[in-house]
Amino acid sequence: MRYRVRIFAAILLLVLASSALAQQRAIKPGFNLFSKEQDIQMGREYAAQIERQMPVVRNAELDAYLQRIGRKLASQPEAGNYPYTFKLVRDKNINAFALPGGPTFVHTGLIAAAETEAQLAGVMAHEIAHVALRHGTNQASKAQLIQLPAMLAGSLLGDSGSLAGTLAQIGIGLGANSVLLKYSRNAERDADLLGARMMSRAGYNPIEMARFFEKLQAETGKGNAFTSFLSDHPNPGDRVKAVQEEIRYLPRNKYTADTGELPRIQKSIQGLPEPPKPRGQSRNTGNPDPAASRPSGRFKQFQGREVAFQYPDNWEVHGEPGSDQVTVAPVSAVFGQQLGYALIVSFSEMPRNTDLRAGTEQLLKQLQKENPSMKVTQTARRTEVNKYQGMVTRLESDSPYTGAREVDLVVTLDRPGGLFFLVFIAPDKEYPAVQRTFEQILQSVRFAN
Ligand SMILES: [Zn+2]
């Protein structure tokens, strides 16, 4: 009799457990051409660049606080076994980002905007979930199905020292709209749910994460320009409801992880030296030293479908694979910062019956419309690049580097398919030092046909 009761109880438990499992969706990494080791290697390379070029805060108190929250989350099974690191970046934008393999960066603006420690932990858990689910390299894999396998095999064999450099050749980097950091709505939903499980286990109330994202959404609606988190992490909709449903399947937990230190930490952040003022339309307040971004004088090769050229080996290729515009810039150009130092390479359709001069004038008008501070300081003169007729125009405009002017050198080439152009951008004080580098890049341009 007792025996039978026990069997009945066991069956009941099984039924209950399986119905709970049926509701709690398994969340796993998707298709991926990269190995986990490559995620980690790539993340390390990008993190080293970011730390050289972005204003990383070195403050023992703030650092200890961030590590404490990060460790609590990263030690949960949902985080996978990645070598997470947590760094604070001085930036007013309410944002955070995590690179493949674990390096996680939190903006001071995020800490300032959080109402509770659990909200801050929520954004971090969400970022950690993107790492554990390998969303960055999953998206890169899907975008570059044809070229990647061979390139990654090559880098495994050690032909290439830098994985980031290998990826840059096919247009994968950390720039605005990078496939590595701008996620799909499905990825967002998964990161919310996995992040919620991670938070719960670490002792934070998961609903705080969803509430914070909804708050950001509302702020965007009110015109707050600092909610850049949402442009990389698009709202999958009904976040609070989805997380509430998830919580029903989580073990009952007392949420006791909050240290109550957030107000003190927020005060310390206010006490940090004032970052340089943003200029113009730039939403980014980080303002690195232009000299740190100066081209190295050593070159890497960009190999696109239609065009190949050399570019400074301490710059990165930004932009979406397959698009007809490539931006090569220091890694500090991440996240919509205006470009103070860059090379833009692009094709534009030229209407029929338009000659090089007229096409160039149209392009200059377009550029001036986008940036009204741009003035021609040296009118177009003829040049020749690799047998193609071209024109060089020198313009100047306000630089995103505080108080500086910049030189914008526009080179247009008459190509059978339309107008091909390069824009070299440098702070005016830096320009004499890099003029020769720009000349070398220009002479390295080769076309596929
Ligand atoms: Zn996200």
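Begin by selecting Arg 294, which is partly exposed at a relative accessible area of 35%; here buried means under 20% relative accessible area, exposed means over 50%, and partly exposed lies in between (1.4 Å probe, protein chains only). The model is predicted, so local features need pLDDT of at least 70 and side-chain atom pairs count only at pLDDT 80 or more, while totals for chains, interfaces and linings use all residues. Residues are numbered from 1 along each chain as its sequence is written, and side-chain values use heavy atoms, with hydrogens and water left out.

**First stop: Arg 294 and Glu 430**

Arg 294 and Glu 430 form a salt bridge whose closest N and O atoms are 2.8 Å apart; a salt bridge is a side-chain nitrogen of Lys or Arg within 4 Å of a carboxyl oxygen of Asp or Glu. By this rule, the count is 17 salt bridges.

**Second stop: Glu 61 and Arg 264**

Select Glu 61 and Arg 264 next. Their side chains meet in a salt bridge at 2.3 Å, N to O. Glu 61 belongs to helix H3 (residues 60-74) and Arg 264 to helix H13 (residues 262-270), so the pair ties together parts 203 residues apart in sequence. Helices (H or I, at least four residues) and strands (E, at least two) are DSSP runs, numbered from the N terminus. Glu 61 is partly exposed, at a relative accessible area of 30%, and Arg 264 is partly exposed as well, at 40%.

Now select Arg 239 and Asp 192, whose side chains meet in a salt bridge at 2.7 Å, N to O. Arg 239 is buried, with a relative accessible area of 0%, and Asp 192 counts as buried at 1%.

His 126 lies in helix H5 (residues 117-132) and Glu 188 in helix H9, so the pair ties together parts 62 residues apart in sequence. His 126 is buried, at a relative accessible area of 0%, and Glu 188 likewise counts as buried at 0%.
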